[in-house]
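Hi everyone, thanks for making time. I'd like to walk you through the chain contacts in one model, and then zoom in on a pair of helices.

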Amino acid sequence: MKVGFFVPCYIDALHPQAAISSYQLLKRFPELDVEFIERAACCALPLTDMGYHKKACTLERNLVPLLAPYDAIVLPSGVCTDQFRGHFDSVEQTDEVKHIREHTYDIVEFLHDVLKVKSLPWHPKFPARVALHNGCHSLRYLMMARPTELMIPHFDKAADLLGMVEGCEVGYATRRDECCGFGGTFAIWDAPCAGQQGLDKVSDYARNGFKHVVSQDFSCLMHQSGVARKNGLDLKFYYIAEILNGDAQP
Amino acid sequence: MSQVNQVKNGARFIKDIPHRESHDRCLWNARMRRDQTAQAIPEWEEMRDLASQIKEHTLSHLDHYLEEFEKNATANGIHIHWAETPEEHNEIIYQLLKQHNVTTATTGKSMTMDECDLRGYVEKRGMYIHEADLGECIQQLDNQMPDHIVVPAIHKLRQDVATLFAKKLGSDPDITDPHYLNGVMRAYMRKKYEKIEAGLCGVNFAIAETGGICVCSNEGDVDISQVVPPLLIASMGIEKVIPTLQGVALYVRLLSRSALGLDITQYTTHIHHPQPGQEMHIVILDNGRSKRLGSPDYWQVLKCIRCGACMNTCPVFRRTSGLSYEAVYMGPIGCVLMPSYDLHRYARLPYSCTHCGSCGDVCPVKVPIPELIFYWRGVDVDKHQSEKVHDAEETAAELMLRSSKTLAMGENMALWGLRNLPQWLLDSGLNPWADVHANPEPPKETFREYYRRNYKKIEFMNKTTDLHGFLSLNL
Amino acid sequence: MIDTSKARSAIFERIRAGKPAAVEAPTVPLYGWPGDKVENFIKQLEAFDGRAQRFDSRADAIAWLEKNVDWRNKRVCSQLPDFKGTVSAADYPDPHKCTDISATVVESHLGVGEMGSLYLTDAELGGVPAIALLCLDLFVLINEADIVDGLHTAYAAVKDTMREQPYACFFSGPSATADIEAVHVTGAQGATSLTALIYSAPQPPQRGSSHPDSGC
């Protein structure tokens, strides 16, 4: 399977380790021919988010030829995956575009649903209790876990994968899937509210005795870690692939 | 009117810790109770689908069902009036009150009347309508808009209510027990009920098949207003009609559970005729609804049954208060409804949203609120309703994000800034992020740099076919 | 009265011009509610701060009422043939005056286990619904055979008869509010207490007298 690895801009610049761990993790699977899509830039999420559909269109048009050749496009980011799957609609919906939208996966979904990973033979260890933060896009738009609002059977794909890591004990904040307030451009336009939401979230972890927080959306963690440090809370934040690939230690 | 700045309004409420914490806690608890009660019903998600489908069916045959309702209600002895605008709605009701020489009128909570500012309209003409719902009455006495469509005074602490009642109703300012305050209200309203000449109410469901209305309430004020006075006036939007009486069961099972986590409201009342000797009127309001119905991107908003579940779950609403929206409909549904009433005034509301999607998941009739938020942001941009600064910023962003090369340049500039600029500058007002965040630790290299250092050459050696691609990215 | 026919035609014109493509009406199943109907009813009514008393016979229920209704200088309004109050709905041609009632005693012919609700209409309220709203204490007799499982069943039972009633209401506990700091307060503006007297009848109730289908 020819896999295109897409690195979202914020991960490239601010937390490259998330991409490094994900890239190396994908490379572990011999059946995959993994290529970093180096020329692909932003997924246009900030523009769609702000309502600039026309401008998002230019970006999307540029991306199509870069993404279309792959059997699967894998991203280390739930929110950008949702952008492709749910909102890549400023361009004409050609067969190529439809192919892209249907074959874009967040890495957690890709491991869980496409590769159907049941164990991690490289035996990663993370002997600690971790709070799992399912980012809102991963949770409610990609349905990688049951949002607490929906009365459907429980499932949590990220927790399933973390369960394969030796010593890793998964828990949740009390308000387990309340938004932490990142919201992309929201955290800049409405910093007071985003900050309060973030503070409530990191205080929730601290109250529950967590020292480690893991998520499949590093965008949320970027926000949460910034708020935690500003408020002097002793919490460490990890992108999920860092733990799955055995790159992070508590 | 000037554009509402929900962010600024909300920031003030966020700083008021006791009020904000109480608001957040009360409404989050309502959301938790909703989860608990919904969890006990195996068909919950199926019911949401059905409730949504019935609404879609009704809206796509709205002319038919409104005619059927009108015919049956008229046969039941109810007078039906039609209003295109709030002014028409208010004038119809004002004239009715005047013809009946009404001096004392009470009203149970009605969103449609709030939407039209009926109270304000009749007050200007020397008439006073008493809000009979406790929360609405508190807000009326305080001369303030409701904070929430179901619990209008939930942003107030008990001390606030005690102070207000002491000033307006002469109660003891030092007794803040909600039971006492409720008693003060009860005594105050009882005096009104003894001489009430007209009662007003809203409508939760208008039943086409039987020509009756269903109203769900807790306090008894609505029912008293309906059956005691010789004149009853109900007000409803055109979207309130549903086809059958049996259908009410489905909505009643969803409504209060979604709103407050209660299995039902204390009073689930159906009025099909006026009481003997009573005159009954229903005013059916359009106020833009028929136009919304014609918008393929937007008509689904008309499914809303005004339960307030989206407000309870909204992380922004709970922390910033409903008052910060300066609107009749607040929270998520307000963000997507209000711009259709006044695009300029409410252009910024669709941005008061983190896109967490929770509102869509709790909505008992599946109004696609998150999608409608995107819709309005697009409309806002197309019509240039919002601040011009967006344009400059987003053009810059678009230029930067357009290709991997310009993006790398932008990223490098940002990283250079993080690594080299003095802390005071990074924390200044130029960087709103820094108000609430410590800035991130800049990494030593980006992923692209890492990739080039470690993998690029090897992969290139293995794949000489993509020569063109390799050349173009080094341009 | 203002002539609103012009507004009416303008509204209908816009609706007809813009309404979305027809969506079919779904079939809604008659969802039931699991468990023992009467036990569910009591549990739910109590959750709404209502009170429930069970009796082996109607006569026992009436005897209980005689003892437990507050008679001291109070007006007791009864609509029951076998329980005499001091007044009845017929004494209130002007419903405003109902504020002087301390206790109202009526009978319901339909209870709902799912919510602990009691269905009352003008028929049971003597054409003066205010007696159940403006009184202090509301006592409602109900034959346990008249309690159904869930709300869908309840609506199915009254959907053909409700239209005849000016007023028809599912009462679920006494009036209440949570408008101040979400503190639940029982006894808002309607009745401040609601007691259901559930009795079992040796014979099944006769059709046409007390069954909800009867068009009461």
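Let's begin with who touches whom. Two pairs of chains touch, and chains B and C have the most contacts of the two. Please keep in mind that this is a predicted model. Chains A and C, on the other hand, do not touch, and their nearest C-alpha atoms sit 17 Å apart.

Now to the contact of chain A with chain B. Here 59 residues of chain A are in contact with 55 residues of chain B. On the chain A side, the elements giving two or more residues include α1 (9-14), α4 (53-67), α11 (191-207) and α12 (218-230). Which element gives the largest share of that side? That would be α11(A), with eight residues. Sorted by class, the side of chain A that touches chain B has 35 nonpolar, 14 polar and ten charged residues.

The axes of α11(A) and α12(A) are 9 Å apart, and the two helices pack at an angle of about 80 degrees. Because angles of 65 to 115 degrees count as roughly perpendicular, α11(A) is roughly perpendicular to α12(A).

If you want to find this contact on your screen, look in α11(A) for Ala194(A), Gly195(A), Gly198(A), Leu199(A), Lys201(A) and Val202(A). They meet His223(A), Gln224(A), Val227(A) and Ala228(A) in α12(A). By class, the residues of this helix contact are five nonpolar, four polar and one charged.

That's my tour; happy to take questions!

Conventions: Residues numbered from 1 in each chain as written. Chains lettered and ligands numbered in written order. Predicted model: local features only at pLDDT ≥ 70, side-chain atom pairs only at ≥ 80, totals over all residues. Contact = placed C-beta atoms within 7 Å. Helix = DSSP H or I, 4+ residues; strand = E, 2+ residues; numbered from the N terminus. Nonpolar A, V, L, I, M, F, W, Y, C, P; charged D, E, K, R; others polar. Axes fitted to C-alpha atoms, helices over the stretch in contact; angles between N-to-C directions. Parallel < 35°, antiparallel > 145°, perpendicular 65-115°, else oblique.
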